[in-house]
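Try each task on your own before you read the solution.

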Amino acid sequence: MENSKKIVFSFDSKLCKGCGICFALCPKSVFSKDIDNKPIFAHSEQCICCGMCEQRCPDFAIRIRRNV
């Protein structure tokens, strides 16, 4: 059965300082790093939409939503 829910990830690189908290807390390792140590939502198919990255981002740079 295919999952019809999509994850909508938005990221504001101007707010992000590249602290790495989102990488450390993600239970599914969905992020890769760009050259500035900022997150790239590289493995979206593994995201379980737990919200840890969004909740713990000190810069409020990450927004994640599940669309049904």
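**Exercise 1.** Find out how far apart the closest N and O atoms of Glu54 and Arg63 are, and decide what contact they form.

*Solution.* Step 1: in this predicted model, the closest N and O atoms of Glu54 and Arg63 are 3.6 Å apart. Step 2: a salt bridge needs such a pair within 4 Å, so Glu54 and Arg63 form a salt bridge. Step 3: look at the surroundings. Glu54 is buried, at a relative accessible area of 16%, while Arg63 is partly exposed, at 37%.

**Exercise 2.** Which side chain meets that of Arg65 in a salt bridge, and which residues end up in one network?

*Solution.* Step 1: Arg65 pairs with Glu54, with 3.0 Å from N to O. Step 2: Arg65 sits in strand β4 and Glu54 in helix α2, so this pair links distant parts of the chain, 11 residues apart. Step 3: Arg65 has 45% relative accessibility and counts as partly exposed. Step 4: through shared partners, salt bridges join Glu54, Arg63 and Arg65 into one network.

**Exercise 3.** Work out which parts of the chain the salt bridge between Asp59 and Lys17 ties together.

*Solution.* Step 1: the two side chains, Asp59 and Lys17, meet at 3.1 Å, N to O. Step 2: Asp59 belongs to the loop between α2 and β4, and Lys17 to the loop between β1 and α1, so the bridge ties together parts that are 42 residues apart in sequence. Step 3: Asp59 is buried, with a relative accessible area of 18%, whereas Lys17 is exposed, with 56%.

**Exercise 4.** How many salt bridges are there by this rule?

*Solution.* The count comes to 3 salt bridges.

Definitions and conventions. Residues numbered from 1 in each chain as written. Predicted model: local features only at pLDDT ≥ 70, side-chain atom pairs only at ≥ 80, totals over all residues. Heavy atoms only, no water. Helix = DSSP H or I, 4+ residues; strand = E, 2+ residues; numbered from the N terminus. Buried < 20%, exposed > 50% of the residue type's maximum accessible area, 1.4 Å probe, protein only.
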